[in-house]
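Subject: Handover of a predicted structure

Dear colleague,

Please find the structure below, together with its sequence.

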Amino acid sequence: MSNSVNQGPIDKSIDGTVKYLDDRFSTAGFIKRNMRKVFPDHWSFMLGEIALYSFIILLLSGTYLTFFYKPSMLEIVYDGSYLPLKGIKMSEAYASTLEISFDVRGGLLMRQIHHWAALLFVASVSIHLLRVFFTGAFRKPREINWLIGTGLLTLAIFEGFSGYSLPDDLLSGTGLRIASGIVLAIPVVGTYASYLVFGGEFPGLDFMSRLYTIHVLLIPGILLGLITAHLMMVWYQKHTQYPGPGRTNNNVVGYPLLPVYMAKAGGFFFIVFGILVLVSALVTINPIWAYGPYIPDQVTAGSQPDWYIGWLDGSTRLMPNWEITIPGLFTLSLNVLIPTLILPGLMFTILGLYPWIEQWITGDKRAHHLLERPRNNPNRTGLGVMALTFYAILWISGGNDIIAQMLNLSINAITITMRAMLIIAPPIAFVITKRICLSLQHKDKELLLHGEPTGRLLRLPSGEFIEIHEPVSDAKRAVLLSRTELPMLPVPASHDANGVKTPNLWAKKLQRRLSHWWSVDQVPLPTVAELESATEHTLHELSEAQEQGVELTKDTPAPTSNH
Amino acid sequence: MSNELEHEGSSILPVQQTSTEVNTPVSVLPPHVLRRADIDPIAATRAERQVSIMFLLSALFTLLAIVSFIAIPVDQYVRVPGAGVTQASNLAVGFTLGMAILLIGLGAIHWAKKLMPDEEVTDSRHSFSSSKEIRQSVMEEIRLGGQESGFATRKIVRRSLLTALALLPLPAVVLALDFGPTPKNELRSTLWGKGVRLVTDPTGRLLRPEDFQVGSLVSAHPENLHDWEEENHNLNARAKTPILVVRMSPEELRSTQGEGWDYQGIVAFSKVCTHVGCPIALYEHRTHHLLCPCHQSTFDLADSANVVFGPAARRLPQLPISVDSEGYLIAQSDFQEPVGPSFWERG
């Protein structure tokens, strides 16, 4: 279309821009390499996109909110248009949030877009993480991007918490009261830390303005940097893809960036944005006017944090009341420390290090670009479901008072049950998941060897009944055969060839045992010979059926075809 | 880790020859199937029309959004069936703006799906590892640079530099010391003290023993809180002073934290949970149990407010009360232990 003869004004402007930029930054090579970059297509790849788009929407709506919000704890008497609170003493922060909600045109809409986008942001980051985990997308060479993703999730949770604390309403103020109690529980320096954070005793007058800077500058800045790095890595390393016909570990199959992906991804941004605006127009979120201003001696019953804090609330509720006190010396509040700092710290550390943990166990240092079906790695899938179960129990426990009220049960009984469940349920979930995965592997093997049952029975001349099987379609076959074998490490030698003792032999032995456990139950894929004879058998069966006068379906291959 | 499996080299693992190695026909892309719009010009025109209708509708909604923004006053409310009373401006602006944005997205995706090429293309991947030679030369160069700098050999330089760098962050820590005052005794004392009267909040009504029926529960503050807040303009005192006052019949009251700390069965306890500091609000008359709404710590007010259940480890501190010459309830002293959540120096 546009080689040497360019006439139209669009062609001219394209040529002009390309030349202008290339003369200055030599961008033509980069654009040439990337303009037609191929992206694989799958609905689950949109989860990360949703996260990215909600972040952009958060930046836009958040910037708007900063024009009206006042991060001040100075006490004033409310004189706005929300009548039920008129004449009541409150902080400027709360009053300005009321102003945004009731006196600024579009203000309530922006507040609700911001809050809904935040909920969606953490949710999509979380589900994106699950997708990456269960398909093994974190494997080499993408371990570092997984680590960045873990960092993004952690920051997203902090950012969400800091954000919903800013209105200084009764609900969020109670959350901050809890946060101050957590800081106080830090051994040795807790009291000092709390005084530094709050500028003295809780609640003080300094905290809101400090939290504000953290919420609108510090954390978003880090998030922006990490998201950029996250995307650059995806771009540079190319996206992983699901197994299928024509898809291998050495290629990437999909649509080119220009024009299809640009239109799809760009269009999807507008869809996410549009839906968020519609939801914000129709569904109220965080009605701070109903909670009232924060007063330290008041509380609402059934206080619930935003969904992504629920699991921490749950762990705090489930924790037994362990506290070590040595009179005259110190108090160590394990009842606060363990559920709010130690447990989440441990969970996020394991999460971040998981790619290296699995790599150490399996010894698998190959590069993987083809995603793994969850069933093909039963231990990983099992561990994932186990972790999810643990999280879910904590999360449900965060609402134990609401459950007690709704089901009319004793809250103590629920709490004790949940404590037990927290320990018992995850291993059970692991075993069940692993078994399901192995069963599915058996089923896959069965499909490969015997084809798909057609539900049509045939009576042979001998009187025997058989069900006609059709070979699986090429597309399905490609998926079933896509499995990479899990490696199993050899038994480490106690001494090398020169008779020198192997260093860290115990670790190597442990690694070998774990690697063995990891892969021993795998259902082996059929060998080439097995596969060929099975195909022959199926085709023979089909031809027999045809001889008997059974009409085969259209897409069934003719018995003569050589599969 | 000598037994790690490197990806370099073609043969990765000594596995049996499984079907993964077979180059079955599945290693090629399935044939591309043409869409209606690719072969039927009428379908293509229809798709084109659909896309442009969505874009035009979006434009219309944008205009409607501007109109509703200007025309609908912010304090106008409407009743929406199922959703209750809601701000008319929020509803109208949000709905029209949402539709305007959504339709652009729907149009673009419809366009991409129906009219843009939908043939999948294949691109190859390359190993990220550079050649052995390049890696080797980079390692050599870094080593050489290290040698030239003398970082390894000149111990004194290295150690003095590391010392200097290690000390440099300290000023930041020192700066942080001014983020707040150093804790003194604030966490151990409240506005309560000998003779301070109990008042209700926010009316500030003084409390007399006669105000209490058996079983009734009142949230109260020290009388001097009001003046303190007028002077200090913060909520710090209020975070520590609140108490719950309840009257029990003498046979119900099994124990108190000190001899004579109740007044004719009227007892007063700190309202601040000893777990992480939420104000405790839920009282069950029959059992005298007090439940914290945040984490469900339960305290038995009839038994010195000891912990019955939940994550709190300590009982609620009791405020010793009495009655002054005018018959008003007063505190005998401040709390005898710090109120609220534990802290390290509490001991």
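Residues are numbered from 1 along each chain as its sequence is written, chains are lettered from A and ligands numbered from 1 in the order in which they are written, and side-chain values use heavy atoms, with hydrogens and water left out.

Two packed helices are described by the angle between their axes and the distance between the axes. Helices (H or I, at least four residues) and strands (E, at least two) are DSSP runs, numbered from the N terminus. Axes are lines fitted to C-alpha atoms, for helices over the stretch in contact, with angles from 0 to 180 degrees between N-to-C directions.

Helix α13(A), residues 334-362, packs against helix α12(A), residues 310-318, at about 125°, and the two axes lie 9 Å apart. The pair α12(A) and α13(A) is therefore oblique (angles under 35 degrees count as roughly parallel, over 145 as roughly antiparallel, 65 to 115 as roughly perpendicular and the rest as oblique). On the α12(A) side, the residues in contact (heavy atoms within 4.5 Å) are A:Trp311, A:Leu312, A:Ser315 and A:Thr316; their counterparts in α13(A) include A:Leu343, A:Met347 and A:Phe348. The contact of α12(A) with α13(A) comprises 7 nonpolar, 3 polar and no charged residues (Ala, Val, Leu, Ile, Met, Phe, Trp, Tyr, Cys and Pro count as nonpolar, Asp, Glu, Lys and Arg as charged, and the others, Gly among them, as polar).

Helix α13(A) also packs against α6(A), at an angle of about 170° and with the axes 9 Å apart. Helices α6(A) and α13(A) are therefore roughly antiparallel. Among the residues of α6(A) in this contact are A:Glu143, A:Trp146 and A:Leu153, and those of α13(A) include A:Phe348, A:Tyr354 and A:Trp356. By class, the contact of α6(A) with α13(A) has 10 nonpolar, 4 polar and 1 charged residues.

Local backbone features

Where in chain A are the cis peptide bonds from A:Lys140 to A:Pro141 and from A:Phe202 to A:Pro203? A:Pro141 belongs to the loop between α5 (107-134) and α6 (143-165), and its bond from A:Lys140 has omega near 10°. A:Pro203 is in the loop between α8 (190-198) and α9 (207-237), and its bond from A:Phe202 has omega near -5°.

A:Lys238 is not a glycine, yet its phi is positive, about 65°. A:Lys238 is placed in the loop between α9 and β4 (251-256) of chain A.

In chain B, helix α4(B), residues 132-149, has 18 residues and spans 26 Å from its first C-alpha to its last, close to the expected 26 Å (1.5 Å times one less than its number of residues). After α4(B) comes B:Gly150, with a positive phi near 75°.

Strands and sheets

Strands of a sheet pair through backbone hydrogen bonds, either parallel or antiparallel. Two strands are taken to pair if DSSP finds at least two bridges between them.

In chain A, β8(A), residues 452-459, pairs with β9(A), residues 465-470, in the antiparallel sense over 5 bridges. A:Leu457 is opposite A:Glu467 in β9(A). The hairpin of β8(A) and β9(A) has 5 residues between the strands, and A:Gly463 takes a positive phi near 100°.

In chain B, β2(B), residues 77-80, and β3(B), residues 84-87, are antiparallel, with 4 bridges. B:Val78 has B:Thr86 in β3(B) as its bridge partner. Their hairpin has 3 residues between the strands, with B:Gly82 in the turn at a positive phi of about 90°.

Chain B has an open antiparallel sheet of 5 strands in the order β5-β6-β7-β8-β13. Its edge strands are β5 (198-200) and β13 (318-319), each pairing on one side only. Strand β8(B), residues 266-270, is joined to β13(B) by 2 bridges, with B:Ala268 opposite B:Leu319.

An open antiparallel sheet of 4 strands, also in chain B, has the order β9-β10-β11-β12. Each of its edge strands, β9 (282-284) and β12 (306-309), has a single partner strand, so one side of each is left without a neighbour in the sheet. Neighbouring strands of this sheet are turned by 30° against each other on average, direction ignored. Strands β11(B), residues 298-300, and β12(B) pair over 3 bridges, with B:Asp300 opposite B:Asn306.

Yours sincerely

Technical notes:
Predicted model: local features only at pLDDT ≥ 70, side-chain atom pairs only at ≥ 80, totals over all residues.
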